[in-house]
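Open the model in your viewer and keep the selection tool handy.

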Amino acid sequence: MKILVADTHLPAHRTRLEAGLPASATVRWVVPGDDGITAELADADVFVGSRFTAPMAAAAPKLRLVHVNGAGTDRVDLTALGPDVQVANTFHHEQSIAEYVAAAAVMLRRQMPQQDRALRTGRWASPGYDASIGQSSSLQGARVGFVGFGHIGGSAWKLLRAFGAEGRAVTGSGTLDAAAAGLNWAADTGELCRLMAESEVVVVCAPLTERSVGMIGAEELAALGPAGVLINVGRGPLVVESALYEALSTGSIAAAAIDVWYTYPDSTGYGSPAERPFHTLPNVLMTPHVSGVTANTFAARADDIAANIGRLQRGEPLRNVVHPPGR
């Protein structure tokens, strides 16, 4: 069995991944986007990576499995796959993202980014020295709203709840049991504006679908209000870019942490994340889609991938299959 690995995060866990594979497996490591991938695909049984195109599928007649090193399969052309090719994914990022959410909520409610920038210039931006600066708020008693409440939302809520926050959530299905989750209430996305109006911190962690694109726009941000903090760890287009920039630049909302963006760079790692100049705003925490990127996340994913490849060789059902054979 030949396994072709084209992923930027797994080389750090190469020894761990290879140790978990069947003894007869042959592993080839390539750089994503490298010209040599096409030739390597000719006799590959398994492809591990986040991007798999129609030309790649055409070059891989023996392929049996595309294993994404993450949850999202939006960069895999499912329509190009043969009837016997399965697609599987893996998670383990929820704890790392939850830590990001908690950290961002604390930093933004305590106005730490602004304090950091000011102190670098010698200014002590504290109410102890400037009477125009109000005292910041902790998370104790904070009203937190979740847009989406899957693995990420549930894990983030466990941490925020430990700070003494109270919560509510809206989901696409509207079937979340609020009492079981320890939330004040839960509803479908028809109650989104209510959630925004009742929350001081809103965590966006819904999946991106045709229905959810642009679900948070000017009206919803206005409902969040000038003391509100938005944390987006779902997908950039869930929030209307122009509306978010306008709300942040005018003070319609207090601050935002944005980890997921509207445009992404090429392989060089350089490129603007949005059309609007969010980088000029002092009330934005900008991070390059790294909320789930920790060694803990990818070590566990390496284990999942190796285990699934072992199941494939033994003819056992795979776990986390998002595209079964014959579909």
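Of the contacts in the chain with a separation of 6 or more, 63% are between residues 24 or more positions apart; contact here means heavy atoms within 4.5 Å. Before you zoom in, note that this is a predicted model, in which local features need pLDDT of at least 70 and side-chain atom pairs count only at pLDDT 80 or more, while totals for chains, interfaces and linings use all residues. Residues are numbered from 1 along each chain as its sequence is written, and side-chain values use heavy atoms, with hydrogens and water left out.

**The whole chain**

Show the cartoon for the chain: it has eleven helices and 13 strands. These are DSSP runs numbered from the N terminus, with helices being H or I of at least four residues and strands being E of at least two. The radius of gyration is 22 Å, close to the 20 Å of the globule rule for 327 residues, so the chain is as compact as a globular protein of that length. That radius is taken over C-alpha atoms, and the rule is 2.2 Å times the number of residues to the power 0.38. Along its principal axes, the C-alpha trace spans about 70 × 45 × 35 Å.

Now colour by accessibility. Buried residues make up 48% of the 327 residues; buried means under 20% relative accessible area, exposed over 50%, and partly exposed in between, with a 1.4 Å probe and protein chains only. The chain exposes about 15700 Å², of which carbon and sulfur atoms supply 51%. Those areas come from the Shrake-Rupley method with a 1.4 Å probe, and for residues only the protein chains shown count as cover.

**Select Val201**

Which strand holds Val201? Val201 is found in strand 9, and at 1% relative accessibility this valine counts as buried. Leaving out residues up to four places away in sequence, Val201 touches Ala105, Arg109, Arg143, Val144, Gly145, Val229 and Ile231.

**Select Ser212**

Move on to the loop between strand 9 (201–204) and helix 9 (218–224), where Ser212 is found. Is Ser212 buried or exposed? Ser212 is buried, with a relative accessible area of 8%. Not counting residues up to four places away in sequence, Ser212 touches Pro207 and Leu238.

**Select helix 10**

Pick residues 241–250. The buried residues of helix 10 are Glu241, Ala243, Leu244, Tyr245, Ala247 and Leu248. An α-helix has 3.6 residues a turn, so residues three or four places apart point the same way. Show what covers the buried residues of helix 10, including helix 9, strand 10 (229–232), strand 11 (255–258) and strand 12 (284–286). Helix 10 is followed by Gly251, whose phi is positive, near 80 degrees.

**Select the salt bridges**

A salt bridge is a side-chain nitrogen of Lys or Arg within 4 Å of a carboxyl oxygen of Asp or Glu, and by this rule the count comes to 14. Start with Arg168 and Glu166, whose side chains meet in one (2.9 Å, N to O). Arg168 is buried at 3% relative accessible area, whereas Glu166 counts as partly exposed at 28%. Elsewhere, salt bridges that share partners join Lys2, Arg28, Glu40 and Asp43 into one network. Within that group, Glu40 and Arg28 meet at 2.7 Å, N to O. The pair links distant parts of the chain, with Glu40 in helix 2 (residues 37–41) and Arg28 in strand 2 (residues 26–29), twelve residues apart. Glu40 counts as buried at 14%, and Arg28 is partly exposed at 40%.

**Last stop: Trp124**

Select Trp124 in the loop between helix 5 (112–120) and strand 6 (143–147). Trp124 is exposed, with a relative accessible area of 53%.
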